[in-house]
Amino acid sequence: MKTLVEEKFSDFYENWMTQLEDLLQHLLLVSKGQSQESGCAAAINKLTAHHKEYYKFKWAAAHDDVLAFFSNPVWLSPLEMAHLWLTGWKPSAAFRLLRAAAGGLTEEQARKIEALRMKMRAEEGRVEREMERLQVAVADRKTVELARLEKRVRENGGAAAVAAAQVEGLVEAAVGGFLAGLEKVMKMADCVRLKTLKGLLEILSPMQSVEFLASESMFQIRVWKWGQMETTKK
């Protein structure tokens, strides 16, 4: 049974993907035509605003239930989850997609894109290390304290009530700290995703940006639909 957060985000995600399909059609029309720069800019702005809406809603939902995004998100198919990196797409994947999507890159653009790729790769590593640090810190510190208190509960029946209250307090502190840490890591990862997207769009020409965003959206939609088909078959 879905929680309230899972229910709301599932509905939001389905609507968001449906709207992404409509935006993709517009991007494809722009990319096939001889649109002026203003037409490309309008299409790009609509797509980037759509992504910002996603993260705004996601962060609000995660504040209420961050575990819904880390523990088998119910709105995603197994195929979609196979592409996940800390609750979303991996920034380095955008550079692989770019190579196949945007043609006619100048040497200057290629140099800037490579510099951005290396910078975002370092950012990915920083987020992954923060996740590892969080997991290790919780396992080391709180687990040891809990084990000690549980031993006291067993050995000292007279103080069982006090020890039990201490255990409960430690559990709440450990869980609360871990959930806050997960929310922080998720936002760090999302910020790397947004910085990657923003950085690429600043380097690419308007038409190249339209072509890249169309390819990125098409890939996301195809994975979503293929995942739905596989889920329906089961």
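This is a predicted model: local features need pLDDT of at least 70, side-chain atom pairs count only at pLDDT 80 or more; totals for chains, interfaces and linings use all residues.
Reader: What makes a site a pocket and not a cavity?
Author: The test runs on a 1 Å grid over the protein atoms alone. A cavity is a set of points where a 1.4 Å probe fits but cannot get out. A pocket is an open set with protein on both sides within 12 Å along at least five of seven lines. Lining residues have an atom within 4 Å of a point.

Reader: What is the volume of the largest pocket, and what does volume mean here?
Author: The volume is about 580 Å³. Grid points are joined across faces, edges and corners, and the volume is the space filled by probe spheres set on the points.

Reader: Which residues line the largest pocket, and which elements give two or more of them?
Author: The lining has 29 residues. H83, G88, W89, F219 and Q220 lie nearest the centre. The elements giving two or more residues are α1 (4–32), α2 (37–64), α5 (91–101), α7 (160–203) and α8 (206–233). α8 gives the most, with six residues. Helices here are DSSP runs (H or I, at least four residues), numbered from the N terminus.

Reader: How does the lining of the largest pocket divide by class?
Author: There are 19 nonpolar, five polar and five charged residues. Ala, Val, Leu, Ile, Met, Phe, Trp, Tyr, Cys and Pro count as nonpolar. Asp, Glu, Lys and Arg count as charged, and the others, Gly among them, as polar.

Reader: What is known of the second largest pocket?
Author: Its volume is about 220 Å³. It is lined by 15 residues, with V74, W75, L76, W224 and Q228 nearest its centre. α1, α4 (78–81) and α8 each supply at least two lining residues. The classes are six nonpolar, five polar and four charged.

Reader: Why is the contact between E114 and R117 called a salt bridge?
Author: A salt bridge is a side-chain nitrogen of Lys or Arg within 4 Å of a carboxyl oxygen of Asp or Glu. In the pair E114 and R117, the closest N and O atoms are 2.7 Å apart. The pair therefore meets the cut-off. Side chains of opposite charge can pair when their charged atoms come close. E114 and R117 are three residues apart in helix α6 (residues 107–155), so about one helical turn separates them.

Reader: Which salt bridges does E130 form?
Author: E130 pairs with R133, the closest N and O atoms being 2.8 Å apart. Both lie in helix α6, three residues apart, about one turn of the helix. E130 also meets K184 in a salt bridge, at 3.7 Å from N to O. That pair links distant parts of the chain, with K184 in helix α7 and E130 in helix α6, 54 residues apart.

Reader: What makes L86 and T87 stand out?
Author: Most residues other than glycine have a negative phi. L86 has a positive phi near 50° and is not a glycine. T87 has a positive phi of about 75°, and is not a glycine either. L86 is in the loop between α4 and α5, and T87 is in the loop between α4 and α5 as well. L86 is buried at 18% relative accessibility. T87 is buried at 10%.

How values were computed
Residues are numbered from 1 along each chain as its sequence is written. Side-chain values use heavy atoms; hydrogens and water are left out. Buried means under 20% relative accessible area, exposed over 50%, partly exposed in between (1.4 Å probe, protein chains only).
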